Amino acid sequence: MKLVAPSTPLIGEVELPVSKSIANRFQIIAALAGENISFPDSVPEDVITLRNALTATTTEVNVGMAGTAMRFLTAYFSIVEERQVLLVGNSRMYKRPIEDLVEALQRLGADISYLEEYGFPPLHIKGKKLLGGTINMSASVSSQFVSALMMIACKMKNGLTILLNGKVLSRPYIELTASCMRQCGIDVHFEGNTIRIPS
């Protein structure tokens, strides 16, 4: 096939699809700053699910089968002071383990308990001020667990240092979270296996 160059410059606009990974990170960051983000109607369903959860005023917050929302909101609601939430989903969600994230948050002082099977949603979360500090985590855990902790770190009294043990398999997604945070003016240091975010 022979390509023919246009005789005049091509001028126009192309609307790119919204990235679910980026949109959900910015939603959490914005919510922590007390702001909302508007998206076009064509955004992925998971983005809408997270937006609805962040603006919900009810005690029970249902994320259906949106795994990213469940993980990010577990961290988010743990640091929203004086807010109690029952974070629920559908039956498939209740088979997806979340113990590593919950345990990390509990070590940082979060008040989270399991409503049914240990290590799995649904969760009862009582928001409170977290002190932060330093925490060790396996580098093999879900990048969304690490990202969830990163995004709430600047709200912790002492900030947060995450020491990842082992080879970091999902570094690009952690770097994505760090990039989104930096674009919002949050100081993030990610070198080797150490992530440091001051308060």
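Residues are numbered from 1 along each chain as its sequence is written, and side-chain values use heavy atoms, with hydrogens and water left out. Because the model is predicted, local features need pLDDT of at least 70 and side-chain atom pairs count only at pLDDT 80 or more, while totals for chains, interfaces and linings use all residues.

Side chains of opposite charge can pair when their charged atoms come close. One joins K20 to D46, with 3.4 Å between the closest N and O atoms. This pair links distant parts of the chain: K20 belongs to helix 1 (residues 20-32) and D46 to helix 2 (residues 45-55), 26 residues apart. Helices (H or I, at least four residues) and strands (E, at least two) are DSSP runs, numbered from the N terminus.

The other salt bridge is formed by E103 and R107, at 2.9 Å from N to O. Both residues lie in helix 4 (residues 99-107), four residues apart, about one turn of the helix. E103 is partly exposed at 33% relative accessibility, and R107 is partly exposed at 46%. Here buried means under 20% relative accessible area, exposed over 50%, and partly exposed in between (1.4 Å probe, protein chains only).

The buried residues of helix 4 are L101, V102, A104 and L105. Just after helix 4, G109 has a positive phi of about 105°.

Conventions:
A salt bridge is a side-chain nitrogen of Lys or Arg within 4 Å of a carboxyl oxygen of Asp or Glu.
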